[in-house]
Amino acid sequence: MPSLFKQGDISMGGIFPVLTKEIGSINTFTREPPGVECAGFVQRAFRWAQVMIFAIEEINRDATLLPNISLGYRILNSCGSPTTALRAALTLASGVKENKSTTQCPPPISALIAESGSSLSIAVAETLGPYQVPVVSYFSTCACLSDKSKYPSFFRTIPSDYYQAKALAALVKHFGWQWIGAIQSDNDYGRNGILAFTEEVKKLGVCIAFVGTVLQSYKTEKILQVVDMIKRSTVKVILAFVAENDFYALIKEVVKQNITGIQWIGSEAWITAAELSTPEIYRSFAGTIGYMIKKMAMPKLKPFLENISPYTDPTAAFVGDFWEIMVGCRPLLNGKINGTHTKTEICTGTESLTNLEDVFFNVTELRVSYNVYNAVYAIAHALHQLVFCEPVGGKAMKPCLNLSDIQPKQIADYLHQLNFVNHYGDTVFFDEKGNPPASYEMINWQLIDGQVQHVTLGHFLSTINKDYELSIQEDKVVWRTGELVPNSVCSNVCPVGSRKARIKGKPICCFDCIPCADGSIANSTGSADCTPCPQEYWSNEKKDKCILKTIEFLSYHEPLGIAITVVSLFGVSLSLSTMFVFIHYKETPVIKASNSELSCFLLFSLFTCFLCPLTFIGRPTVWTCMLRHTAFGVTFALCISCVLGKTIIVVTAFKATIPGNKLAGKFGPSQQRIIVGSCTFIQILICVLWLTLNPPFPDMVFRYSNTKIVLECNTGSEAAFYAVLGYIGLLAIVCLVLAFLARKLPDNFNEAKFITFSMLIFCAVWITFIPAYVSSPGKFTVAVEIFAILSSTFGLLLSIFAPKCYIILIKPERNTKKHVMGKII
């Protein structure tokens, strides 16, 4: 295998993809070249190899790092292929004879610097791991390589994708992107990178719409499938976690089909690649943003690179190809033309690399090259500690270990402990788990003066076991001219008053917006659920605010309350007027015949009954609730007791006309008062027990309406309430039966007829009251009870007293004893 070689006391190996496979020569079944044909020269990989040589020569000149010890190297090409990389690693680890006359046999390497691709590093690390040969990678970022159980001797000077995934997830969160696409390389780097990123963004509620897969060896048909996937998707942001060579074919198709309006996010593998940063590609990839490892300047490197020449060492591999690209001609060495392109003219020998304007010689923004430099120095520091048993700068400089006794495993052990700080003062190595402290630069593509430039926006800084922080320097953020950062969502954010509803079979970021149900609100955009309003509140029309429900009770200010008040006061005045008539005409036969004392008691009870409805109007309070039910029960008990007393008097009066009957003498005024008092006292006792054990109380009722709170008096004890009604009903039934039995007694003025009629009205009202009371909603329950009170009271007043007043006021000629007794002379 062609190599760059130099003998030394201790030898390092290096594997770089200096030459790569041509796409047309790849076997698509095995994804390997048919042979060892690697024709494509990779300029930046050649610079990585030269940086390794530069670092080794710098160390050899250093009198403190490895004094009196020379480092050698052997650098091979991986061709960007895991198989070729593995072959190179085995070649370096076992030692191979040089094709020279001396048949020199180089010693096996003590450490290996490899590789640029994660899949290549996995192949190398898995093979050399059992032999404890330290492998230090400069550009393999797969987080899987941090598994020390699988790769015990693998190290790297670049952050693992674990950190980049967190950085990219923080970037997506910062801009509010929730619906993004992803492109991955069909290898360990791409698959593991997208997997780590997906795990991070899922924690933030971000959805991956699709994952396209590309590879350098893919046929055009497979690339076009990915392009079609991008065109059909609604995403406006796409993350490409791919290697530079794998991505180029897709980029060409995207530009060819003029796919624009997408915000691309790049991984560190291609975000700063010069080959992809052209004005033609910029049309579709304008404003591409991503992260790259922190850059570093190496001023001393430029003279070294400018001194590269095929004439210095004609046997050095890859130099002829490099010279042909840089100078534009093929060097003539030992009578042979060195180079691969036959159409290029032959060099004259006077060509020079000095003052060439090429990105190859720009040493102010080194990234991967600087990682190679650090890898060499890390191994050198480990060797120093092994040889001198002291860290660099220690006092003892006498070797404590023979070079021939150094084993690769010992170097690996020291690398595990090493916290390397280079002479620029930047901590760049790794911790004991193989994970380095990460320091990323945020890069944005901008077109400046006709050239695509990578503008630094800020840094993503992280340290082991600490929180991650995204800091964007606003003064440096320069996006596409006149354009805003795109809004990439599967579904627009649900407005206030609605909630998100998952769409079956689609990611969580795709949803419908469902208006909140009545009584619940969503007062912020993008709510996952609607929040129920408290019981006393209801949602407004927009469903974004809870408003207090309408308070409803029977008030004096509404028409129904006014009407009830007027009717009640009319009844009061009517009963008072009737009482005045009875007092004024108390000596007349009609009033004497109807028992004036009981009539006055009855009129007083009717007066209080007419006042009862006024306690049912207005906002319920503790006192009004207790008063309205008990006052109603006691006054009606008094009323019916008086009617019952009058009924008994009528019956006994007419029964007294029968010879030998002495009932009339047994029911005098005292007995009448006892009947009224005892019957009323029983109701008073029921009410006292009611108020003592479980009294009525003001209550808020929500069952009648969702938008209203009905204030009413809760009866407290339902049994007590119906006991009060039942007792009044019992008195009314007894009174009705007695009056009914005396309805046909002789006399022109038979009061039993009027009592019977009044009791029929009373019973009919209260029988219909119960179902109406139970079924009436809200304040109409109170209205039904008031109607029953007023109608039954008016029934008693008019049925019993209207005929008497009619005779007294309208027909005074009938107000005689003869007429009352029904006797005609």
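Trainee: What covers the buried residues of H5?

Mentor: The cover includes helix H3 (118–128), helix H4 (161–175), strand S9 (179–185), strand S10 (207–214) and strand S11 (237–241). Buried means under 20% relative accessible area, exposed over 50%, and partly exposed in between (1.4 Å probe, protein chains only). Helices (H or I, at least four residues) and strands (E, at least two) are DSSP runs, numbered from the N terminus.

Trainee: What should I know about the model itself?

Mentor: This is a predicted model, where local features need pLDDT of at least 70, side-chain atom pairs count only at pLDDT 80 or more, and totals for chains, interfaces and linings use all residues. Residues are numbered from 1 along each chain as its sequence is written, and side-chain values use heavy atoms, with hydrogens and water left out.

Trainee: Back to H5. Which of its residues are buried?

Mentor: Tyr-189, Gly-190, Gly-193, Ile-194, Ala-196, Phe-197, Thr-198, Glu-200 and Val-201.

Trainee: Which residue caps the N-terminal end of H5?

Mentor: Asn-187 does. One of its side-chain oxygens lies 3.2 Å from the backbone nitrogen of Tyr-189.

Trainee: How far apart are the end C-alpha atoms of H5?

Mentor: They are 21 Å apart. The expected span is 1.5 Å times one less than the number of residues.

Trainee: Now S9. Why call it largely enclosed?

Mentor: Because 7 of the 7 residues of S9 are buried. Both faces are covered. Trp-179, Gly-181, Ile-183 and Ser-185 sit on one side. Ile-180, Ala-182 and Gln-184 sit on the other. In a regular strand the side chains alternate between the two faces of the sheet.

Trainee: How many bridges join S9 to S10?

Mentor: 6, and the two strands run parallel. Two strands pair if DSSP finds at least two bridges between them. Ser-185 has Val-214 in S10 as its bridge partner. S9 is also joined to S11 by 5 bridges, again parallel. There, Gly-181 partners Ile-238.

Trainee: What unit do S9, H5 and S10 make?

Mentor: A right-handed β-α-β unit. Right-handed means that, with the strands pointing away from the viewer, the path from the first strand over the helix to the second runs clockwise.

Trainee: Switching to Thr-141. Buried or exposed?

Mentor: Thr-141 is buried, at a relative accessible area of 1%. It lies in the loop between strand S7 (135–137) and strand S8 (154–156).

Trainee: What is Thr-141 in contact with?

Mentor: Leaving aside neighbours within four places in sequence, its contacts include Tyr-189, Arg-156, Asp-161 and Glu-268. Contact means heavy atoms within 4.5 Å. The side chains of Thr-141 and Glu-268 are also joined by a polar contact of 3.4 Å. A polar contact is a pair of N or O atoms within 3.5 Å; within protein, one must be able to donate a hydrogen and the other to accept it, and residues adjacent in sequence count only if both atoms are side-chain atoms.

Trainee: Where is Asn-355?

Mentor: In the loop between strand S15 (336–337) and helix H11 (368–388). Asn-355 is exposed, with a relative accessible area of 65%.
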